[in-house]
Amino acid sequence: MTDTFDPNLREAPSPLSETLGFDMTDWSEGYARVEAPIAPHLMNRQGLTHGGVYAAILDTAMGFCGCFTGDPKIKQNALTLSMTVNYLARATGTHLVAEARVTGGGRSTFFAKGEVRDDTGTLIAEATGVFKLRSRK
C-alpha cells in the first residue's frame, strides 16, 4: 500500500458484510484481516454459528486481500470465481477472525488462501479461492 490510501474512505465490502457486522481491521498488499462478533443473528436454532457465516467472512477477507494489490487509486471489486471451504470445528468463542493472503496470480486474476479462527484460537475453517479483479467506476 502507499501513503495515499485512506482507510477511513474505504467502502463497506458488500451489503452482506455490513449486515453480518464484518470489519476489516488490518490490511496490506496481498493480506487482509476481517473480524466479526458472533451475534445471535448469526446463529441457528441450536445456538451454533451457521457455516455460511464462515464462508462469507473467508470470502470477504480473501477478496479484500486481492483488491489492495496494484494501484490503490483504482477502485476494484473482486469477483469470486471459485472457492473451497473446509469446515474443521465449531466456534465456541464470541468473535471470529479471518485472515487471508494472496498466494499467486497476475494483474486481473489472483489466488488466495484464508482461515477463520474464533477468539479462543480454535481453527474453525480454511479456504482457498480464485478471484477476478474488476475495476469499478
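Trainee: What should I know about the numbering and the confidence limits?

Mentor: Residues count from 1 along each chain as its sequence is written, and side-chain values use heavy atoms, with hydrogens and water left out. As the model is predicted, local features need pLDDT of at least 70 and side-chain atom pairs count only at pLDDT 80 or more, while totals for chains, interfaces and linings use all residues.

Trainee: What makes β2 and β4 a pair?

Mentor: Two strands pair if DSSP finds at least two bridges between them, a strand being a DSSP run of E with at least two residues, and a helix a run of H or I with at least four, numbered from the N terminus. Seven bridges join β2 (residues 31-37) to β4 (residues 95-105), so by that rule they pair. Y31 stands opposite R101 in β4.

Trainee: How many bridges do β3 and β6 have?

Mentor: 11, in the antiparallel sense; M83 has G129 of β6 as its bridge partner. β5 and β6 are antiparallel too, over nine bridges.

Trainee: Why are β1 and β3 at the edges?

Mentor: The order is β1-β2-β4-β5-β6-β3 in an open sheet. β1 (23-28) and β3 (76-87) each have a single partner strand, so one side of each lacks a neighbour in the sheet.

Trainee: How does helix α2 run relative to β3?

Mentor: α2 (residues 51-67) runs at about 135 degrees to β3. Axes are lines fitted to C-alpha atoms, for helices over the stretch in contact, with angles from 0 to 180 degrees between N-to-C directions; contact means heavy atoms within 4.5 Å.
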